[in-house]
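Here are a few exercises to work through with the viewer open. Try each one yourself before reading the solution.

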Amino acid sequence: MDLSSINPVLLVASIMVSATPILLAAIGEMVVERAGVLNLGVEGMMITGAVVGFAVAVNTGNPALGFAVAALASAVLSLSFGVLTQLLLSNQVATGLGLTLVGLGLSSLIGKPYEGMKSPTLPKLDMGFLSDMPVVGRMLFSHDLMVYLSLALVIVVWAVLKYTRIGLILRAVGENHDAAHALGYKVVRIRMMAIFFGGACAGLGGAYLSLVRVPQWTEGMTAGAGWIALAIVVFASWRAGRVAIGAYLFGGVTVLQLNLQAAGAAVPVALLSASPYLMTILVLVFISARGAHGAPASLGRPFHASA
Amino acid sequence: MIHLEKRPQPSQVWTVITPVLAVILTMIVGGMMFAALGKPPLEAIRTIFWDPLFHPQFAGYSRPQLLVKAGPLILIAIGLSVGFRAGIWNIGAEGQYIMGAICGAGAGLALYPSESVLLFPMMVIAGALGGWAWSMIPAILKTKFGTNEILVSLMLVYVAESILASVSSGLLRNPDGMGFPGSRNFQQWDAAANRELIANTGMHWGVVFALIAVIAAYVLFARHIRGFQIRLSGEAPRAARFAGVNPNRIVIFCLGTAGALAGLAGLFEVTGPAGQISIDFNSGYGFTAIIVAFLGRLHPVGILLAGLLMALTYIGGELAQLMLGVPGASIQLFQGMLLFFLLATDVFTNYRIRFGQGAA
């Protein structure tokens, strides 16, 4: 094994790239769950975003447009989840699973003609002297726009939830939807908006996978990233800052295991490629064993005004 | 204004009608999808739902396939339904299916080339144990630490897939296979093969076990105290606690049953229709079984019918690929839509639709 072939600068840089899709999906899902809705369809929305973003970018040659349309498509798809769970009061767990299955089917249907194609990718931002700094410049300041947007999104979500009225209402709906309803807040409408937002974020995350991280379309390419995003929300105890920490941690594990595989580490490949998932389980066990939960009180409970 | 009024009890009539309604809606929307893909919609629907059973030319081949595909789906879905009824969401049946196949096949291959009559029963037990053990991971983590079983069981699917990739090119690789990945073929090894029991019916041991599982689940829920406890835990967890039901035991039982049945399904598949352990041995039965369980209303008889219907969409889907060039992925979407429509129409089961200004 030759560990010296792993360049620490490139390692950090690639961790940022590999964390971004999970971060985008997880921060969106966190908002959904703070509103009291458990949407297990993240994987399906992500992969839909991945294929739509890729298809649009290939056809128009414009990756930015790809991201925008991917976000829109996944958000529209998530609305089907919203209609089912909020208006037709279906079981959220089952509907979320259904959304994942629909998303996987839809994406492989749309993506078939695009297999093996190359797409235009996002340019790296040039941030003047920041990018030119030794070491740090390569590590932190020579990425594409989405990496920084995702981090900015974390800050915006944190600030909105903590300091604004709309954030307060959203949290009220998530903690006690009956009380929020009694106060005159439109529980269903607020949750629909949260679901829409979560869908858009998952779509952006998926598009990042197919347009930047890989950048190619292959069937089932999310490979559980959506589920890891769900686990990160639990790991983060539903707090925005910790979502970012969690996503970077998992990005780190993913990149490290890929690097170790490439370096020919004396660890079985199966163990390395399973490590992000094993790590997820380990972290979930750790979090649940500690007993600190902080889950929104109404999470996953259906709301019906007459009840 | 339309508004919903909760029924005191789920409607019996609608419980039966909604799956049928969901199938019809899926056919309509699926037909529109096929039309959008430039395929004749009516012909496509007919090819999927009618031709596999009644086409003069193809039915002879595809009718036996119905049981071949329905067997594992029903077996897995019965196990899942036990958990779903208790509010335990095991969605990692795919992983338990893979581990059952690996353990069962591994146990058999360790004794190659034994021709003992006890070999196959031993492999069946090993398969069930493999699936069971894999499902005990989320079960024990849930009972000991309160870890979410949805995420753990799903993560373990990916772990099982890595193990599958590893053993099929390593531990269980066919030593006479000239270095190609994949295990020995069980179809060429009489003592370990899961053969068709009645010629041209598709009936193999997996189907027999699926039917036994249906009956056992029926008895469990209709006659046995454990079945009652499971339902109680799902519908009223607090009441169950007061009635002295140990929630941990329910978790262990439900996940264990689901795991063992999924493991069995994997073993019967690897020794029968699939023939060998290979990297892409698993074909998503573990996920489709979730749809089967819901479509069958978590009721054993319903699951039996739903499993047959879902098997039909698999075979019909293949036929439609062959005859009309319908993309294979559209069938997957079709199955997903079915679950979506079922959940959507379920509103009629639990709620009355009222028109006009309501009290709410």
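**Exercise 1. How many helices and how many strands does the secondary structure of chain A come to?**

Keep in mind that you're looking at a predicted model.
- Step 1: Count the elements: chain A has 13 helices and 0 strands.
- Step 2: Read them off from the N terminus, and you get α-α-α-α-α-α-α-α-α-α-α-α-α.
- Step 3: Now the overall build. The radius of gyration of chain A is 19 Å, close to the 19 Å from the globule rule for 307 residues, so chain A is as compact as a globular protein of that length.
- Step 4: For the extents, take the principal axes: the C-alpha atoms fill a box of roughly 65 × 45 × 40 Å.

**Exercise 2. Describe the contact between chains A and B.**

- Step 1: Chain A puts in 42 residues and chain B puts in 41 residues.
- Step 2: On the chain A side, the elements giving two or more residues are α3 (63-87), α4 (92-111), α11 (225-235) and α13 (269-290).
- Step 3: Sort that side by class, and you find 28 nonpolar, 13 polar and 1 charged residues.

**Exercise 3. Which residues of helix α8 of chain A are buried, and what do they pack against?**

- Step 1: Within α8 (residues 165-175), look for Leu170(A), Ala172(A), Val173(A) and Gly174(A), which are buried.

**Exercise 4. Find the residues that touch the most other members of the largest nonpolar core, then trace the contacts of Ile27(A).**

- Step 1: The core holds 219 residues, and those touching the most other members are Ile22(A), Ala26(A), Ile27(A), Ile232(A), Val243(A) and Ile76(B).
- Step 2: As for elements, α10(A) gives the most to this core, with 16 residues.
- Step 3: Zoom in on Ile27(A), setting aside neighbours within four places in sequence. Ile27(A) is in contact with Leu153(A), Val154(A), Val157(A), Cys201(A), Ala240(A) and Val243(A).

**Exercise 5. What confidence scores come with the model, and with chain B?**

- Step 1: The model scores ipTM 0.85 and pTM 0.88.
- Step 2: Chain B averages a pLDDT of 86, and 98% of its residues score at least 70.

Terms used:
Residues numbered from 1 in each chain as written. Chains lettered and ligands numbered in written order. Predicted model: local features only at pLDDT ≥ 70, side-chain atom pairs only at ≥ 80, totals over all residues. Helix = DSSP H or I, 4+ residues; strand = E, 2+ residues; numbered from the N terminus. Rg over C-alpha atoms; globule rule 2.2 N^0.38 Å. Contact = placed C-beta atoms within 7 Å. Nonpolar A, V, L, I, M, F, W, Y, C, P; charged D, E, K, R; others polar. Buried ≥ 20, exposed ≤ 12 C-beta atoms within 10 Å, placed from the backbone. Core = buried A, V, L, I, M, F, W, Y, C linked by C-beta atoms within 7 Å. pLDDT = per-residue confidence, 0-100.
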